[in-house]
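Have a look at the model, then read on.

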Amino acid sequence: MLRSEGISLRALQSDDAETVASLINNRKVLDNLRDYIPYPYSKKDAEEFILFSTKQDPTVTFAILSHDEICGVIAIIPQSDIHRMSAEVGYWIGEPYWGNGIATQALSLITEYAFSQLDVIRLYAIVFSPNDTSKRVLEKCGYKKEGIGKKAIIKNNQILDEHRYAILKSDYLN
């Protein structure tokens with residue numbers, strides 16, 4: 001378990017399925033996530049996701065807890081082939097927990113974990129152009145904007161820009 005003041009990250013557990021499903025089954029949350037996450041999002045979807053995450057070695061998908069309540073999920077997605085020293089970071093927070101600094105604390109914890117426990121030298125995140133909150137979270141945690149992919153994604157039948165943020169292990173340690 002990873003901890004900081006007020007929040008912790010832990011591996012997902014089978015009894016988390018109902019809470020995860022209820023928090024992510026929200027258009028406002030899903031509008032900022034990739035389309036492979038279904039809507040509506042059922043308890044069965046959560047159970048399958050949790051089962052997948054429990055097979056990870058090392059663990060790279062975590063429940064985000066605020067005062068021992070699950071409020072979201074954060075994950076590191078290791079890359080392969082020529083990108084094998086990089087990993088993508090993805091996260092979401094359930095709407096009732098927005099505006100409390102939880103995402104910033106969780107990203108800080110997982111960044112530390114990735115650079116100390118995993119064989120990566122670069123973490124990156126992709127943010128849809130309307131998601132200013134996530135951009136601020138990344139910047140607060142030391143991630144730098146690397147660029148903008150103009151009209152690079154389609155979400156909800158809208159063509160959007162993709163903002164790419166990254167942090168290097170060498171910069172993080174300094």
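Predicted model: local features only at pLDDT ≥ 70, side-chain atom pairs only at ≥ 80, totals over all residues.

Residues are numbered from 1 along each chain as its sequence is written, and side-chain values use heavy atoms, with hydrogens and water left out.

**The loop between β7 and β8**
- N156 sits in the loop between β7 and β8 (strands are DSSP runs of E, at least two residues, and helices are runs of H or I, at least four, both numbered from the N terminus).
- Its phi is near 55 degrees, which is positive even though the residue isn't glycine.
- N157 is in the loop between β7 and β8 too, and N157 also has a positive phi, about 60 degrees, without being a glycine.
- N157 is exposed, with a relative accessible area of 77%.

**The sheet**
- Eight strands make up an open sheet with mixed pairing, in the order β1-β2-β3-β4-β5-β6-β8-β7 (two strands pair if DSSP finds at least two bridges between them).
- β1 (2-4) and β7 (144-155) are at the edges with a single partner strand each, so one side of each has no neighbour in the sheet.
- From one strand to the next, the twist averages 25 degrees (axes are lines fitted to C-alpha atoms, for helices over the stretch in contact, and angles between N-to-C directions run from 0 to 180 degrees).
- β3 (residues 61-66) and β4 (residues 69-78) run antiparallel and are joined by six bridges.
- A63 has V73 in β4 as its bridge partner.

**Helices on the sheet**
- Helix α4 (residues 102-117) packs on the sheet and touches β1, β2 (7-11), β3, β4, β5, β6 (122-128) and β8 (158-168) (contact means heavy atoms within 4.5 Å).
- The direction of α4 makes about 35 degrees with that of β4.
- Helix α1 (residues 17-24) lies across β4 and β5 (86-93), at about 85 degrees to β4.

**Cis peptide bonds**
- Going from Y39 to P40, the peptide bond is cis, with omega near 0 degrees; P40 is in the loop between α2 (27-30) and α3 (43-54).
- D57 and P58 are also joined by a cis peptide bond, with omega about 5 degrees, and P58 lies in the loop between α3 and β3.

How values were computed. Buried < 20%, exposed > 50% of the residue type's maximum accessible area, 1.4 Å probe, protein only.
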